[in-house]
Structures are given as C-alpha cells and as structure tokens.
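Welcome, and thanks for taking a look at this one. Below is a short briefing on strand pairing, salt bridges and surface charge.

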Amino acid sequence: MTQNTLPNPPSLTTVLTAVLLVGFVVSAVPNIATAQASESGDVVGNPDVTFTTSSEPLSADTADELTVSIVNYGQIIQHGPSQYEDSVMTARGLSFEIDDGDTPIDVQTGQVSVGNFPTGSIEKTVSVIVPDNVEPGTYKLPVNYEYSYTRHIRYGPSGPTEGSDSTKTKTGSITVQVREDARFEIVEANATTQVGDNNDVSFTLKNTGSEIARGANINAESQSSSLTFESGDTSSTASVGDWEPGEIRTVSYNAALESDAPVRGYSVNLKINYDDIDGIDRTSDPITTTVQSIREQDFTLSNVESQLRVGEDGDLIGIVHNDGPLPARNVVVQYTGEDQSVIPTEDSTAVGTLDPGQSESFSLPIAISGSAESGLRSLDMAIKYRNDEGETRTFDELAVDAEVASERDRFDATIENRTIQAGGSRAVDVAVTNNLNEVASDVEVRLFADDPLDTGDTDTGYVQSLDPGETKTVTFELTTTGSATVGSTYPISLDFRYDDTEGDSHLTKTYRLPIDVIESQEGGLPLPVIAVALLVIGTAALVIYRRQQ
C-alpha cells in the first residue's frame, strides 16, 4: 500500500512577499490610467526669421555675388513635446526677394525660394552690380519675405490637432558695404595688328577709384590662340607701379597674328593686380577690350622681262606693286632661289617707298654661269621692306618666269683685209665689236699665230672702253715666213680680257680668224708705182690731144 506524501507548507517570508507584490500591482493600475489620461495639452509658438549678409565689402564698378545668411530662431510661447514645438517654429514655403530700395546698387536676382525652414541657419547667394559711380559707404537693402506657419497645436490621446495656418509677409533688411578702392577703366585703345606680322598695341587706363593701387601691373590675356604676345604666349604683363586715383597709365604689348588668322576682332582681357591701402593683394575684374586685325601685306610682280643669257651678266626687269593694305618703306626686290647657275650680281635692287596701290619699276642685275642651260626658268623672288614701326619684313611668296638665252660670243672680231704676201709683212686691222649689254673697259686683245705666220712684237692691242654694240679697230703686225704656201689659208687666234661695270675681270674664249697667203709682188713694179705711171701717161695723152684740137 502506497503512502501519499504532502509538500512542505511555504514559509512565512514567502507568503508576505507575495502579498506585497500583489498589493503594489493593484495600486499601480489606477496611477497608469491617470497618467494616460493626463497626456494632452497645447503647444503655441511661431518662426522668427532674420536676414544678414556675410559677404566682404563690395567694390564699385563690379558685378559680384552677395551671400545672404538666413536664421530662424523660433519662439515658443507654450511648451509641449519637442516634435510639436519644432512644427510651430517651422517657416513653411519661405521665399524672399532683395530690393534695390533707394540705393544705387542693382540687384540682379529676383525671388529666391528657400522652402520649409525649421530653426537653424542657411545661406543663399544673389547677384548684384555695383556701378562705377557708387560712393564708398554703407547701404541698406530691403528684404521682402513671406512664409506660412501653424501657431497652435493641441495634442491628446487621440493625436494632435493643428490650428489654422497663418501667412506672414514681412520686410527686413541687409547691410551692404562698398569699400573705398582703386577702380579702373580704359579711356583709349590703339590696338591694331596685321595678319602674319607683329605690331605694338597700346591701352590707356585710368584709376577712377578713390584709393591708390600700389605696385600695380596690368596683365593682358588673349582669348584666342591665334593672337599671341612677345614670347609666343597668350598673355603678357606690364608693370605700372603705384597708381594714384585719377592718374592715367598707358601700357604697350607686342602682339602677333598667325599668317592664316582670319581678319576680325580678337578679345583681350586686362586684369590689374595691386596691393590696397591695407597691403592686401587685389585683382580687378577683367576689362574686356578688342585688338583689331587687318589683312596680310601683299605684293605682286608684273611686266617681267628677261635680259639674261648664258655666260653673261644681264638684268631682270619688271614692275613691283604694293597691294596693301599698309605703306611699305625701303622696298627692295631680290632673288632668293638656290639655283647655283643664277648669280645675282647685286643682293637686291631698291625701289623706295610704296604706298598701298602704288607701283614702281625695278631692274635686278643677275649673271648666268657659262655652264647653265638656256631656256625658261622659274625664279623665286622676295620683297623686303620696313613697316610703319621701322621693322624689317619679308614677303617671299613670289616666283617669276624668265627666259635665259643661249650663250653667244661676247665680242665680234673681223679682219678688214685677210690677205698677206708670202714672205712679206703687213699691218692687220681687226675690227672688235662689243656684243655685251654693258660697257667693257680696259679691253686687251691678244693675237696668237703659228708658223708660217708670226706676230712679232705687236701681239697685244688695247681699247680703253667699248660701249654695247660699239666697234673699234685694233692693229697688229703680221709676218709670213718663206715656208708659207701661196694660196693657202692659215689661222690666227684672238682672245679678249676685259673689265665689266662692276670692275670684275673676264677672259673670253679664243676666236680663230683666217689669213690667206698670196703670191709675192717682188719680181715687178709694185702696184702703186704702176698705178702712178698709168696716171702720168694718161695725163700726158690728154694734154697732147687738147693741143691738136
């Protein structure tokens, strides 16, 4: 038989603890209900928006961005939960617009939308223009702004209940300061450059501000790669030193335009870098100006005639035209080709100053070597000149066609009487003609003869000068030896050494002339004696005839 065992009864301490816990729970239930019933109330407040500017002082004659700081401080009249306080202090749909007011400052930006704006701060920018005639000082700009908000929120167990919305339209202001500063403007520009050339351009500027610009320099920056300055860069800087208010400074730059640059205006920005009266580095806003361009200088050659001949000095003549657009001073025409057989006897020929549209004739001395081929040649030519600034320029885009005539004898030599008696002597007269296009001076004519002919001691003749086409006679003594054969022809040789108009000495080729040997007249009376005798006999016969009449 199984015996049931009863559990031990709880102790007194355990019983008392359980009784206390039950009593606490029962007493807490009414308090929780009371707290829940008391979570309701009202929150009352509104936004509090102000405007200020955090920008540095502005300079006259500038366009700038103005930084506007907006702060919403908010106000709470009756406190409550934080989320409801934030709601009543939020400016909803905030927008503002800064007005010029009665100030000379021109506000470019219209209405600015901020949106819902709780307590805190935010920054916005607006564009303004400060005219150049604005006096330094402090100016107040009106700020018109508008927003809506909920002033009252009631909350309770069933949730919050908002009061009606309110819209506020208000006017505040911001303070803007215009500093005393140096300001600059261009009062004159002399800025024209030629395509394919470089020219000095200058700009005259005035400090129209109220303060000195210390250690100023003016940086010119081209806005086109076709326009460059001294070192081939697109910018150049000129120093002007301390620049007092009202003072004028002129700066010059050497500007170059590429040869293929179009004819138009080229923009250049001028920036002035300086220290203000407080020693702070300042840089002006860019002042945009223009460098004008004119077309490239051009020349043409026309009516070109060639007096060139192989082995001789000649002339290339023609007309050079200045096709503009500018005057060309100290103009010279020159041959620039590399043909070794074409030898300019002068580096160039001068034609003087040519205004645009003006023409002038030229004659360029050129020698053609004896090894050259005759025929038509294309000769590279160039025009050198000085521009308006006295700088030397070269226009080398020219070529002309010139006919080179074949070589000819420089002199003609003929013997007036080409006979000589066998075993006799006689004076031989040689007629020398100058075939050149120039005067030949100090002409030495040398006679050479081989047996059976002999020149004796008179183998050289001399002519002081021969004009082109002129003929003079030179006399030599010629002798035949007994070995000469009657009826035979023997040659004599001549050459010429002469000086040209440049003073250069030349030796011609050898000329060969014929001499005919005739029979000696020693066996009878000389022909002159026979002629005189016949004349005497004839005269006597005439006298006798008249007497018989």
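Strand E13 (residues 184–190) and E15 run antiparallel and are joined by six bridges. Please keep in mind that this is a predicted model.

**Around strand E15**
- Across from Lys206 in E15 stands Glu185.
- E15 also pairs with strand E19 (residues 248–257), in the antiparallel sense and over nine bridges.
- Within E19, Val251 is the bridge partner of Phe203.
- Strand E15 (residues 198–207) is largely enclosed by the rest of the structure, because seven of its ten residues are buried.

**Salt bridges**
- The structure holds 13 salt bridges.
- One of them joins Asp197 and Arg393, with the closest N and O atoms 2.4 Å apart.
- This pair links distant parts of the chain, 196 residues apart: Asp197 sits in the loop between strand E14 (192–194) and E15, and Arg393 in strand E31 (residues 392–405).
- Asp197 and Arg393 are both buried.
- Another salt bridge pairs Asp516 with Arg418, where the closest N and O atoms are 2.9 Å apart.
- Asp516 lies in strand E41 (residues 511–518) and Arg418 in the loop between E32 and strand E33 (419–421), so the pair ties together parts that are 98 residues apart in sequence.
- Arg418 is partly exposed, with a relative accessible area of 37%.

**Surface charge**
- A patch of negative charge on the surface gathers Asp61, Asp64, Glu65, Asp132, Glu185 and Asp285.
- Asp64 belongs to strand E3 (residues 62–72), and its relative accessibility of 33% makes it partly exposed.

How values were computed:
Residues are numbered from 1 along each chain as its sequence is written. This is a predicted model: local features need pLDDT of at least 70, side-chain atom pairs count only at pLDDT 80 or more; totals for chains, interfaces and linings use all residues. Side-chain values use heavy atoms; hydrogens and water are left out. Patches are made of residues with over 30% relative accessible area and no salt bridge: like charges are joined within 9 Å, nonpolar side chains (Val, Leu, Ile, Met, Phe, Trp, Tyr) within 5 Å. Accessible areas come from the Shrake-Rupley method with a 1.4 Å probe; for residues, only the protein chains shown count as cover. A salt bridge is a side-chain nitrogen of Lys or Arg within 4 Å of a carboxyl oxygen of Asp or Glu. Lys and Arg count as positive and Asp and Glu as negative; His and the chain ends are not counted. The place of a charge is taken as NZ of Lys, CZ of Arg, CG of Asp or CD of Glu. Helices (H or I, at least four residues) and strands (E, at least two) are DSSP runs, numbered from the N terminus. Buried means under 20% relative accessible area, exposed over 50%, partly exposed in between (1.4 Å probe, protein chains only). Two strands pair if DSSP finds at least two bridges between them.
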